[in-house]
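Hello,

Here is the structure I promised to pass on to you.

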Amino acid sequence: MSDRYEIVLTCPKGLEGLLLEEARALGLEEAREQTAAVRGHAEIEVAYRLCLWSRLANRVLLVLSRFTMNSAEQLYDGVRAVDWRDHLEPAGSLAVEFSGQGSGIDNTHFGALKVKDAIVDRLRTAAGERPSIDKVNPDLRVHLRLDRGEAVLSLDLSGHSLHQRGYRLQQGAAPLKENLAAAVLIRAGWPRIAAEGGALADPMCGVGTFLVEAALMAADVAPNLKRERWGFSNWLGHVPALWKKLHAEAEQRAAAGLAKPPLWIRGYEADPRLIQPGRNNVERAGLSDWVKIYQGELAHFEPRPDQNQKGLVISNPPYGERLGDEASLLYLYQNLGERLRQACLGWEAAVFTGAPELGKRMGLRSHKQYAFWNGALACKLLLIKVQTEQFVTGERRAKNVDEPEQEAPQQARLSEGGQMFANRLQKNLKQLGKWARREGVECYRLYDADMPEYALAVDLYRDWVHVQEYAAPRSIDPEKAQARLLDALAAIPQALGVAQNRVAIKRRERQAGTKQYQRQAAQGQFMEVNEGGVKLLVNLTDYLDTGLFLDHRPLRMRIQREAAGKRFLNLFCYTATATVHAAKGGARSTTSVDLSKTYLDWARRNLSLNGFSDKQRLEQGDVMAWLGEDRGEYDLIFIDPPTFSNSKRMEGVFDVQRDHVELLDLAMARLARGGVLYFSNNFRKFQLDESLMARYQVEEISAQTLDPDFARNARIHRAWRFSAR
């Protein structure tokens with residue numbers, strides 16, 4: 001066999017340039033970049049060194065053959081032409097990985113099968129002995145990549161991916177692969193900072209991947225020193241003496257590095273469930289003297305290295321995957337920026353983010369940005385020198401920058417649009433706040449797309465703010481819409497004087513076809529609010545709506561005033577807030593009907609909260625079917641149906657425009673002599689069927705059912721009063 005081989009190193013997309021530098025430093029010759037790979041030539045010693053020392057590669061592939069192929073038969077022949085007796089015993093085990101398609105190969109499984117057949121047929125003995133298949137720990141892992149008619153046949157010397165260092169047996173919800181973490185540290189300048197004796201701190205460290213990789217670099221520990229099984233371990237071309245020599249040298253370097261005074265490397269994590277897994281990872285890596293992990297909130301992050309050291313603050317904040325994450329993420333980035341400005345002056349900072357637009361909200365300018373890929377997610381690394389000239393906040397004193405910071409945290413400066421939005425909120429708060437205090441209203445709408453470019457509804461629930469973002473039209477650039485949303489979210493806490501963690505955001509999109517709103521989260525956080533002398537439970541996080549339709553406040557108060565001695569029926573009752581008002585008003589009995597068990601359980605809690613017992617009937621069922629079966633009479637009926645409903649528990653689909661005549665006829669048949677029915681809905685294009693006016697006494701009362709907080713949006717709902725002629 002040749003003493004010199006073609007070597008291909010694979011890596012995550014975006015790391016090719018860094019891997020090229022590393023591979024050259026480790027001895028790879030004639031090295032050049034490819035997509036997600038680096039290609040070059042080297043002797044086997046360099047290949048071993050790459051396996052042991054590469055912090056960035058996924059795999060080290062030793063190329064056995066390159067050949068042109070235009071059919072499955074040519075693939076078989078090309079693989080079989082290799083003398084596999086130089087690489088694997090006939091009784092050995094084998095795994096094949098195949099990538100690419102074309103040239104008669106329809107799928108990777110078929111391609112791998114052809115490669116396997118060729119190797120097995122070449123090695124099969126006269127006695128029938130042949131290699132077996134072992135996909136987990138084979139003696140030889142073979143890789144074939146098909147690229148535009150050329151087959152590249154390789155041995156995988158690494159075995160399992162090199163990013164699997166072996167120390168991270170426990171991980172958080174969104175782990176960063178070890179080789180990507182190493183690449184981020186290198187781009188952030190950590191090798192230089194470590195060589196100068198600098199410190200490293202991670203305020204959101206998760207299970208400590210950045211910390212361990214940083215310590216491995218600083219202590220000159222080969223990242224794969226502790227790996228016991230390699231792809232070359234049972235390869236017949238393996239040179240054990242050479243490998244043992246290289247491994248012993250790496251052990252000596254590690255021992256010398258770890259014997260040095262450890263650098264100050266600290267991580268902080270708010271989630272207590274991740275502290276012990278992180279510490280376990282550090283211990284498995286043999287770095288307990290170098291790395292410490294503590295429980296701590298970002299709001300209190302303040303690195304205190306010995307002897308006034310400076311260094312690198314590195315962070316991989318959450319990216320946000322759940323609807324409504326925008327507010328919490330924006331404030332997280334703002335808080336990160338604030339802590340850097342307040343506690344890390346003179347440090348360098350590196351923020352690795354899958355949401356670069358949020359990185360701009362930290363109040364600090366980055367002097368460099370690098371593009372990375374975290375799997376399929378495009379990410380940015382923002383490098384920041386934490387100096388006063390990089391701040392984008394308001395004025396700050398600049399004298400004696402080395403003295404301890406005592407001043408109050410500064411808020412990030414709002415954009416021009418954000419300041420306009422803040423001004424409108426403050427204007428509305430001044431006007432509506434007087435009315436709310438006078439009327440004893442705790443929950444009300446403060447803003448409802450007053451400025452078209454800020455298409456939000458902003459509601460106050462005591463000291464909480466509930467924000468609904470209306471989906472932007474397709475004609476609006478999504479990036480502009482996102483920027484305006486972030487401007488608005490930045491403005492809300494400053495304008496209203498609320499804590500950032502008391503802002504909840506939802507996105508309300510136009511619903512089409514049979515699509516309906518689903519549960520958004522499962523935090524189960526309920527808050528008690530007061531309205532007209534009753535207590536109601538709202539949930540600002542888990543559902544698109546909160547359990548309390550604020551626009552129906554006047555109708556609920558009307559029902560409370562008229563309910564004394566009445567038999568009250570609430571159809572499509574939702575969380576039965578109108579029922580609670582009726583019971584509070586002295587209703588003789590109440591009956592509430594809804595198809596959702598979740599909402600009926602919520603209704604039961606609302607009633608119990610106000611001291612009302614099981615005598616208040618809660619019925620689960622399809623309203624139309626229930627009305628057809630119920631034979632009761634009611635003096636006061638309230639109907640506020642959805643625009644449509646397609647629950648699995650009902651037959652067909654309810655459409656308020658199509659079905660309202662049948663609904664109202666069924667309900668009016670249950671109305672006692674002298675009784676009143678209130679009907680409302682929020683379908684903007686709704687038209688009440690004229691035939692109803694011929695059969696019943698009908699009065700539209702929409703204008704009377706709007707309080708000042710909804711006066712600027714008269715189309716929020718329409719309401720009618722029905723009685724018998």
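**Overall shape**

The chain has a radius of gyration of 34 Å, whereas a compact globule of 725 residues would have one near 27 Å (taken over C-alpha atoms, with the globule rule being 2.2 Å times the number of residues to the power 0.38). Please keep in mind that this is a predicted model, in which local features need pLDDT of at least 70 and side-chain atom pairs count only at pLDDT 80 or more, while totals for chains, interfaces and linings use all residues. Residues are numbered from 1 along each chain as its sequence is written, and side-chain values use heavy atoms, leaving out hydrogens and water.

Along its principal axes, the C-alpha trace spans about 105 × 75 × 45 Å. The secondary structure comes to 19 helices and 30 strands; these are DSSP runs, numbered from the N terminus, with helices being H or I of at least four residues and strands E of at least two. Of the 725 residues, 54% count as buried (buried is under 20% relative accessible area, exposed over 50%, partly exposed in between, with a 1.4 Å probe and protein chains only). The accessible surface is about 32900 Å², and 47% of that belongs to carbon and sulfur atoms (Shrake-Rupley method with a 1.4 Å probe; for residues, only the protein chains shown count as cover). Among contacts with a separation of 6 or more, 72% come from residues 24 or more positions apart (a contact means heavy atoms within 4.5 Å).

**The eight-stranded sheet**

An open sheet of 8 strands runs in the order β2-β3-β1-β4-β8-β7-β5-β6, with mixed pairing (two strands pair if DSSP finds at least two bridges between them). Its edge strands are β2 (29–34) and β6 (132–133), each of which pairs on one side only. Strand β5 (residues 93–99) runs parallel to β6 and is joined to it by 2 bridges, with S93 having S132 as its bridge partner in β6.

Two helices pack on this sheet. Helix α2 (residues 44–53) touches β1 (4–10), β3 (37–43) and β4 (59–68), and its direction makes about 135° with that of β3. Helix α3 (residues 72–80) touches β4, β5, β7 (140–147) and β8 (150–156), at about 120° to the direction of β4. For these angles, axes are lines fitted to C-alpha atoms, for helices over the stretch in contact, and angles run from 0 to 180 degrees between N-to-C directions.

**Helix α1 and its surroundings**

Helix α1 covers residues 16–25 and includes R24. Its buried residues are E16, L18, L19, L20, E22 and A23, and they pack against β1, β2, β3, α2 and α5. R24 itself is partly exposed, with a relative accessible area of 49%. After α1 comes G27, whose phi is positive, near 110°.

**A helix crossing**

The axes of helix α5 (residues 178–187) and helix α7 (residues 209–218) come within 9 Å and cross at roughly 65°. On the α5 side, E178, A181, A182, V184, L185 and I186 make the contact, and on the α7 side T209, F210, E213, A214 and M217.

**Strand β9, covered on both faces**

In a regular strand the side chains alternate between the two faces of the sheet. In β9 (residues 199–202), A199 and A201 lie on one side and L200 and D202 on the other, and all of them are buried. Strand β12 (residues 311–315) runs parallel to β9 and is joined to it by 3 bridges, with G311 as the partner of A199. Strand β10 (residues 265–269) also pairs with β9 in the parallel sense over 3 bridges, and here L200 stands opposite I265.

**Two loop residues to look at**

Most residues other than glycine have a negative phi. R148, in the loop between β7 and β8, has a positive phi of about 50° although it is not a glycine. R148 is exposed, at 79% relative accessible area. A449 also has a positive phi of about 50° without being a glycine. A449 lies in the loop between β16 (443–448) and β17 (456–461) and is partly exposed, at 28% relative accessibility.

Best wishes
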